[in-house]
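This report looks at charged pairs and a nonpolar patch on a protein surface. The sequence and structure come first.

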Amino acid sequence: MFSSDPTYAGINWERRRDEGFAYNLAYNFIGAQMNPEVGFLQRNDVHGWNSRLQYGWLPGESSKVFSLRTILQYDRYVRLSDGGLESMEVSPGVFLNFKNGMGGMMEMKFQKEGVSYDFDLSDNVSVQAGEYAFPAFSARLFTPMSKPIAAMINILAGGYYDGNIVSVSTRPVFSISSKFQLSGSYSINKISFPDRDQQLTTHVGRLNFLYMVNTKLSVSTFVQVNNTSEVFVGNFRLRYNPREGNDFYLVFNEYRGFMMPDDVVPSAPGYFNRALLLKYTHTFIL
């Protein structure tokens, strides 16, 4: 796929298979002025490759295992502005799915990160500019999502720039009825930089609500709280989908602080950002 916007170009070549050999190779060029207007762009001013090699097995009717995959991923991005390394990752892993809907994955990560300028994780913890190399281990376990109560657990442990991280998150899902779903998530992240005697523990909580009036109309909302930045994020979204390829959205977002001190001058505003958005998408068939 190539974009008409000269600040972005991408190409993708893949072979999709659940059994046997499969692969994916993608190149992306994201200019410094790239602004998607709608949506979220993780980074710009970079170009690089995403690649994945995979070999899968389908054990058959007599096995409790539905599928097993071994995967090797390699990603590398370089900054356009100075040619320096933005990020690089080599990740071998194993993915396992059972016929009862349970599953999981384990993955080793060998990462390099190029930090072009210092950035703060909190008032007292920061990451200095430089190039870092570190390993990490991640794992995921999930229960059948078709059940009334389901959950997913994620674990990450290992290096983090010139320090270490241990992160645990969980996401329970309650399907109260065929129309009403309540879910949430909670994560705790312990980050430390022993050589600089800096530590940080973050807690992030999120609550999601989804109500499907019918196959065409749905309403969803979520709230998220982060103790480190002491911010509250709220979102309300109404989606109307009269037919495939046509969507109308009404979205309200609010971003505000909480637990803000009263003696700060000037005083903190009631909210940092508030937006009401209307969006319509139409897919044309050529």
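Is D162 buried, partly exposed or exposed? With a relative accessibility of 29%, D162 counts as partly exposed, where buried means under 20% relative accessible area, exposed means over 50%, and partly exposed lies in between (1.4 Å probe, protein chains only). The model is predicted, so local features need pLDDT of at least 70 and side-chain atom pairs count only at pLDDT 80 or more, while totals for chains, interfaces and linings use all residues. Residues are numbered from 1 along each chain as its sequence is written, and side-chain values use heavy atoms, with hydrogens and water left out.

**Salt bridges**

Side chains of opposite charge can pair when their charged atoms come close. A salt bridge is defined here as a side-chain nitrogen of Lys or Arg within 4 Å of a carboxyl oxygen of Asp or Glu. By this rule there are eight salt bridges, including those in the table.

| Pair | N to O distance |
|---|---|
| E14 and R16 | 3.2 Å |
| K109 and E89 | 3.3 Å |
| D162 and R196 | 2.9 Å |

D162 forms its salt bridge with R196. This pair links distant parts of the chain, 34 residues apart: D162 is in the loop between β10 and β11, and R196 in the loop between β12 (180-193) and β13 (198-212). Strands are DSSP runs (E, at least two residues), numbered from the N terminus. R196 is partly exposed, at 24% relative accessible area. Salt bridges with shared partners also join R79, D82 and E86 into one network.

K109 and E89 meet in another salt bridge. Because K109 lies in strand β6 (residues 103-115) and E89 in strand β5 (residues 85-98), the pair ties together parts that are 20 residues apart in sequence. K109 is buried, with a relative accessible area of 16%, and E89 is buried at 18%.

In the salt bridge of E14 and R16, E14 is partly exposed with a relative accessible area of 31%, whereas R16 is exposed at 71%.

**Nonpolar patch**

F98, M102, L141, I153, I155, V166 and V168 make a nonpolar surface patch of about 540 Å². Patches are made of residues with over 30% relative accessible area and no salt bridge; like charges are joined within 9 Å, and nonpolar side chains (Val, Leu, Ile, Met, Phe, Trp, Tyr) within 5 Å. Accessible areas come from the Shrake-Rupley method with a 1.4 Å probe, and for residues only the protein chains shown count as cover. Strands β10 (149-160) and β11 (163-175) each supply at least two residues of the patch. I153 is placed in strand β10 and is partly exposed, at 37% relative accessibility.

Conventions
Helix = DSSP H or I, 4+ residues; strand = E, 2+ residues; numbered from the N terminus.
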